[in-house]
Amino acid sequence: MQRALTLAARGLETTDPNPRVGCVIAQRSRIVGEGWHERAGEAHAEVAALRAAGGAAAGAAVYVTLEPCSHHGRTPPCVEALSAARVARVVYATADPNPLVNGRGAAALRAAGIAVESGLLEQEAAELNAGFIKRMRYGRPLVRVKLAMSLDGRTALADGASRWISGEAARQDVQRWRARSSVVLTGVGTVLADDPRLTVRLADQAGGASRRQPLRVVLDARLRTPPAARLLEGDGEVLILTSVANPDDAHVATLSARGARVESLPGTDDRVALPAVLERLGELEANEVLVEAGGTLAGELVAQALVDELLLYVAPKLLGPAARALVQLPRLTELSEAPQFALIEMQQIGADVRLRLRPVAAPGAPATGNLS
């Protein structure tokens, strides 16, 4: 199963909106076939492994990181392929939360006379597909907020200058987090101040295949995105979400001519309603959202308990008390009101340190990070 998880991770940047799945077929201790799901519309991991195993799959044990599917989608059900190959046993790590599958895949295998077990390395498998699992259960994607700060918790000088707080290695690391994300989301304030591209700028994948670009989403309540923004250049889709009920047709037409799609969502003149944004991204089959924005939007996501994970890069420098704070939060009157986070990973990236943190729910409150 550990090998199957390693194979599944090969699809980290390519399977969207499908889950990342790996499969190993073994005759006792000998591996006779293995495979992973590479991208949506192509063979699932079980089918790829069965092709590799050929006739040796008969009577074998199958180790797969997610419950085999039992419904017709872009490809036929994997349970039918496993049954036709006459495998003896299927061990899957975690159930598929897709309502079309959840429990039905295992039931179909048992009905075909195949022994079924589950739960082996379940947490590891759930972690690999935390965004997919959250979307299937709650209709919203996983929200990961990326921030870079100095040792004293500052993100920019008082005049807004922030290039570059973190080093080159950290910036390359962010590229990899973009590559695995369904969406890179920012606010119009960041577009106006920094004019970012928010694209994945890594070498093409093995075999020369071009990289999938995540959907770039701008929250722009008053529709101030300039048509000349670099965000509108190059490959990939751009979605601008506004709270203007009847946006100016000419401005929308100009943005559309530059390749952007404009949609209106509930909100006020100053802000698009964040829950509505996440619901919409769930409808668009987004599994993981990487937020790259300023302290206002980041703080609002934290304040509304909409953050599943913080990706925090800490640079070994000091900017002083006049520099800009990491996030903007409502004034606290009690220390107990402070949002709390648990450190789940710490890694040095070049001269910087990357921290991954997840929210800790207050006693009696629901957890915000429904990751598994």
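Figure 1. The structure, which is a predicted model, holds 3 cavities of 30 Å³ or more. The largest cavity has a volume of about 70 Å³, and the second largest cavity has a volume of about 40 Å³. Both are treated in the close-up views that follow.

**Figure 2. Close-up of the largest cavity and its lining.** A set of 15 residues lines the largest cavity. Nearest to the centre of this cavity lie T15, D16, N18, R20 and N287. By residue class, the lining of the largest cavity comprises 4 nonpolar, 6 polar and 5 charged residues.

**Figure 3. Close-up of the second largest cavity and the contribution of helix α10.** The lining of the second largest cavity consists of V143, L185, L274, V277, L278, V291 and L301. Helix α10, spanning residues 274-283, provides the largest share of this lining, namely 3 residues. The lining of the second largest cavity divides into 7 nonpolar residues, with no polar and no charged residues. The volume of the second largest cavity is about 40 Å³.

Figure 4. The largest nonpolar core contains 34 residues. Within this core, V145, L185, V217 and V291 touch the most other members. Two of these residues, L185 and V291, also belong to the lining of the second largest cavity. When neighbours within four places in sequence are set aside, V217 is in contact with V183, V184, L185, T186, L239, L241 and L281. Another core, of 22 residues, lies apart from the largest one; its members include V32, L66, L109 and I114.

**Figure 5. Close-up of the second largest pocket.** The volume of the second largest pocket is about 480 Å³. Its lining is formed by 26 residues, of which N18, P19, H44, H71 and N98 are the closest to the centre of the pocket. One of these, N18, is also among the residues that lie nearest the centre of the largest cavity.

**Figure 6. Composition of the lining of the second largest pocket, with helices α2 and α6.** At least two residues of this lining are supplied by each of α2 (45-53) and α6 (130-138). The greatest contribution to the lining of the second largest pocket is made by α6, with 3 residues. In terms of residue class, the lining of the second largest pocket divides into 11 nonpolar, 8 polar and 7 charged residues.

Key:
Residues are numbered from 1 along each chain as its sequence is written. This is a predicted model: local features need pLDDT of at least 70, side-chain atom pairs count only at pLDDT 80 or more; totals for chains, interfaces and linings use all residues. Side-chain values use heavy atoms; hydrogens and water are left out. On a 1 Å grid over the protein atoms alone, a cavity is a set of points where a 1.4 Å probe fits but cannot get out, and a pocket is an open set with protein on both sides within 12 Å along at least five of seven lines; lining residues have an atom within 4 Å of a point. Grid points are joined across faces, edges and corners, and a volume is the space filled by probe spheres set on the points. Helices (H or I, at least four residues) and strands (E, at least two) are DSSP runs, numbered from the N terminus. Ala, Val, Leu, Ile, Met, Phe, Trp, Tyr, Cys and Pro count as nonpolar, Asp, Glu, Lys and Arg as charged, and the others, Gly among them, as polar. A nonpolar core is a set of buried Ala, Val, Leu, Ile, Met, Phe, Trp, Tyr and Cys residues joined through side-chain atoms within 4.5 Å. Buried means under 20% relative accessible area, exposed over 50%, partly exposed in between (1.4 Å probe, protein chains only). Contact means heavy atoms within 4.5 Å.
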